[in-house]
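Visitor: I have a model to walk through with you. Let us take the salt bridges, then the pockets, then the surface.

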Amino acid sequence: MRILSAIILSLLAGSTFAQTVRVKDLARLEGVRANQLVGYGLVVGLDGTGDSKQTLFTVQSTVSMLNRMGVTVPNGQVNLKNVAAVMVTADLVAFARNGDRIDVTVSSLGDARTLQGGVLLQTPLNGADGGTYAVAQGAVSIGGFSAGGGGSTTVKNHPTVGRIPNGAMVEKEVPMSISEDNHLVLSLSRADFTSAARIAKAIEVSTGATATAEDAGRVKVDIPAKWRGNPVPFVAQVDDVSVDVEPVSKVVINERTGTIVIGGAVRLSPVAVAHAGLTVSVKTTPVVSQPAPLSKNGTTVIVPKTKTTVSEPPANTVLIDGGDTVEDLIRALNAIKATPRDIIAIIQAIKEAGGLQAELEVL
């Protein structure tokens, strides 16, 4: 089997030449961001799959909710099966207005088996400052199921986590400013001095505004006088500016899954790779040992007989010339019939030998 069918190989960039990318895909506007919200709530209407009575906070929350509604129930006399305590999380997107809808994620907090068919009761969602910014409520969609009985259960996907599309209504807006002191500040998604300098130059050429790369991750753009009253059209113009970006020289290895992702700009220095497999085979054969005929002493026993063999084929050596690309590397590893796990070890060894001109990240 060829190596390319045994591992997942992806080129981060299709070629070694610079690619044209919009500024909006490389950087974000400082001051424009989402905010995380979280809340604690109850999901009701479950078909006997809710939290057990050992989950005390579910019972306490249910009793407290009923008390607020004028129903008095002693804690010791509550036996719930159709209620589950959950944590509700959401992202309050930038410029969300009062009355807008946002998606929420509902996650079981107790020992409920599934949230299938449940309905989230009204749950306030709070920000890091403790203020309530949205309120969530609605039917939970889990995208799976959990069914069974009598010791046999079938589960699909993750039934204790679900979503409510447009399940929360924004109650409080977060003020944001897209400009400060008549200038914009762009924050690069991936800090790089070359990219920052190119973004500043491209903005100056395209818009005529003064742009300065302050460091590897920040570009400051002065807003022209005619746009200072309403900078939104100027921001749209800056976002649409095209910039030439070079591919990333990086190799990412996930040892748990055997996945290797190699950037298209990766280059190799001259290096020789030798690969050989050592096979150790241990075979045990049971042998029956019986006493002599008509003997008064002795019993029949089974004695294991073990045979160990070791085979080590000759090493395959492949020479990689300086300046070779990813395709050359994969072709060379195919030639020595390396497995995905062998490729991971080989790439790490090439990096240690100084033959891999790229950043290596192991997950």
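Guide: A salt bridge here is a side-chain nitrogen of Lys or Arg within 4 Å of a carboxyl oxygen of Asp or Glu. Keep in mind that this is a predicted model.

Visitor: How many salt bridges does the structure hold?

Guide: The test is a nitrogen-to-oxygen distance within 4 Å. By that test, the count of salt bridges in the structure is six.

Visitor: How many residues apart are E30 and R218?

Guide: Their side chains meet in a salt bridge, 3.3 Å from N to O. E30 sits in the loop between strand 3 and strand 4, and R218 belongs to strand 14. The pair links distant parts of the chain, and the separation is 188 residues.

Visitor: Is R97 buried, partly exposed or exposed?

Guide: R97 forms a salt bridge with E173, 3.6 Å from N to O. Buried means under 20% relative accessible area, and exposed means over 50%. R97 has 43%, so its class is partly exposed.

Visitor: Which strands hold E361 and K250?

Guide: These side chains meet in a salt bridge at 2.7 Å, N to O. The two residues lie 111 apart in the chain. E361 is in strand 24, and K250 is in strand 16.

Visitor: Which element gives the largest share of the lining of the largest pocket?

Guide: The largest pocket has a volume of about 380 Å³. Of its 20 lining residues, R190, S195, V245, E246 and V248 are the closest to its centre. Strand 2, helix 2 and strand 15 each supply at least two residues of the lining. The largest share, four residues, comes from helix 2.

Visitor: How many charged residues are in the lining of the second largest pocket?

Guide: About 280 Å³ of space lies in this pocket. Its lining includes Y40, S61, R68 and L121. Six of the lining residues are nonpolar and five are polar; the charged count is one.

Visitor: What accessible area do Y40, F57 and L109 have together?

Guide: L109 is found in the loop between strand 6 and strand 7. L109 counts as partly exposed, at 40% relative accessibility. With Y40 and F57, L109 forms a nonpolar surface patch, and their accessible area together is about 250 Å².

Key: Residues numbered from 1 in each chain as written. Predicted model: local features only at pLDDT ≥ 70, side-chain atom pairs only at ≥ 80, totals over all residues. Heavy atoms only, no water. 1 Å grid on protein atoms, 1.4 Å probe; cavity = no way out; pocket = protein on both sides within 12 Å on 5 of 7 lines; lining within 4 Å. Points joined across faces, edges and corners; volume = space filled by probe spheres on them. Nonpolar A, V, L, I, M, F, W, Y, C, P; charged D, E, K, R; others polar. Patch = residues over 30% accessible without salt bridge, like charges linked within 9 Å, V, L, I, M, F, W, Y side chains within 5 Å. Areas by Shrake-Rupley, 256 points an atom, 1.4 Å probe, with all protein chains shown as cover. Buried < 20%, exposed > 50% of the residue type's maximum accessible area, 1.4 Å probe, protein only.
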